[in-house]
Amino acid sequence: MTHTINSWLTDMDGVLVHENKALPGAAEFIATLREKERRFLVLTNNSIFTPRDLAARLAASGIEVPEESIWTSALATARFLATQAPRGSAYVIGEAGLTTALYEAGYIMTESRPDFVVLGETRTYSFEAITKAIRAIHGGARFIATNPDVTGPSPEGPLPATGAVAAMITAATGRKPYFVGKPNPMMFRSALNRIDAHSESTAMIGDRMDTDVVAGIEAGLRTFLVLTGSTKESDIEKYPFRPSQVYPSIESLIDLI
């Protein structure tokens, strides 16, 4: 039995936008969700930006998403830490998206004997900050990272991302981080809780088999793969799992809302 879809989770880059330009049908898809008052969240593993920054970025490309409808790996990490160790302390390597989320979750940022080292995306990884993180972990801090992506895109080519810096800290400490963002299905479960949605009646739209689709399947969601981002149709065969359906772009999904 297939439940009606009444809640939607969608990835951002490669589904709604590509290099800050709206993809075909993206603005109409979001406008239709809002018009029909469907519960939805736009998800991103990027922990640099706050939801307000991302809402402004999407608006600049013509897609109107309220900031409360954006769920980042930074927010998911803050939610996870707030449930694991309420009002704890953290040494944070990251930008405003992560520090704001942790601050709002009641966390204290400190370099002195933190409960956790929390690693997120940043544009300027400092050797000094990485050294402090390594020493804090040696001193007993638990190691958390927002997402395992090893590279991020830029107009000039790939940039090292959270997963690559996490690997460096792991090499120096022997401790692997717990990654909260995709493909950890926890990112989707926390998103479902945020909009009070149920997995049986929620669909996930993504452009990557190895993060969006696998995490969607593990979280019990219907998964729709769109071919406007990382995964090409010929790549699907390489994976031991399948999305529920494959579509050329998000435009093809407007009729399902």
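Is Tyr107 buried or exposed? Tyr107 is buried, because its relative accessible area is 3%, where buried means under 20% relative accessible area, exposed over 50% and partly exposed in between, with a 1.4 Å probe and protein chains only. The model is predicted, so local features need pLDDT of at least 70 and side-chain atom pairs count only at pLDDT 80 or more, while totals for chains, interfaces and linings use all residues. Residues are numbered from 1 along each chain as its sequence is written, and side-chain values use heavy atoms, with hydrogens and water left out.

Rings of Phe, Tyr and Trp (for Trp, the six-membered ring) pair if their centres lie within 6.5 Å; planes under 30 degrees apart count as stacked, over 60 as edge-to-face and the rest as tilted. The count by this rule is six aromatic pairs. In one of them, Tyr107 and Phe116 have ring centres 6.4 Å apart and planes at 50°, so this pair is tilted. Phe116 is buried too, at 3% relative accessibility.

Phe224 and Tyr247 have ring centres 5.7 Å apart and planes at 90°, so their pair is edge-to-face. Phe224 belongs to strand E14 (residues 222–226) and Tyr247 to strand E15 (residues 245–247), so the pair ties together parts 23 residues apart in sequence. Here helices (H or I, at least four residues) and strands (E, at least two) are DSSP runs, numbered from the N terminus. Phe224 counts as buried at 1% relative accessibility, and Tyr247 is buried with a relative accessible area of 14%. Ring pairs link Phe224 and Tyr247 with Trp8 and Phe29 into a cluster.

The helices come next. Two packed helices are described by the angle between their axes and the distance between the axes. Axes are lines fitted to C-alpha atoms, for helices over the stretch in contact, and angles run from 0 to 180 degrees between N-to-C directions. Helix H5 (residues 127–138) packs with helix H6 (residues 162–173) at an angle of about 45°, and their axes are 10 Å apart. H5 and H6 are therefore oblique to each other; angles under 35 degrees count as roughly parallel, over 145 as roughly antiparallel, 65 to 115 as roughly perpendicular and the rest as oblique. The crossing of H5 past H6 is right-handed, the term for a near helix turned clockwise from the far one by less than a right angle, with anticlockwise giving left-handed.

From H5, the residues Ile130, Ala133, Ile134, Ile137 and His138 meet Val165, Met168, Ile169, Ala172 and Thr173 of H6. Contact means heavy atoms within 4.5 Å. By class, this contact of H5 with H6 has eight nonpolar, two polar and no charged residues. In these classes, Ala, Val, Leu, Ile, Met, Phe, Trp, Tyr, Cys and Pro count as nonpolar, Asp, Glu, Lys and Arg as charged, and the others, Gly among them, as polar.

Ile93, in strand E6 (residues 89–93), touches residues including Ala129, Ile130 and Ala133, with residues up to four places away in sequence not counted. Ile93 is buried, with a relative accessible area of 6%. Between Ile93 and Pro177, 84 residues apart in sequence, the C-alpha distance is 13 Å.

Ser73, Leu75, Ala76, Arg79 and Phe80 of H3 make the contact with Met186, Met187, Ser190, Asn193 and Arg194 of H7. By class, the contact of H3 with H7 has five nonpolar, three polar and two charged residues.

Beyond residues up to four places away in sequence, Ala76 touches Trp71, Val180, Met187 and Ser190. On the H7 side, the buried residues are Met187, Phe188, Ser190, Ala191, Leu192 and Ile195. The buried residues of H7 pack against several elements, including H3, strand E1 (7–11) and helix H8 (209–218).

Just after H7, Asp196 takes a positive phi of about 55°. Ser201 lies in the loop between H7 and E13 and counts as buried at 12% relative accessibility. Leaving out residues up to four places away in sequence, Ser201 touches His3, Thr4, Ile5, Asn6 and Ser7.
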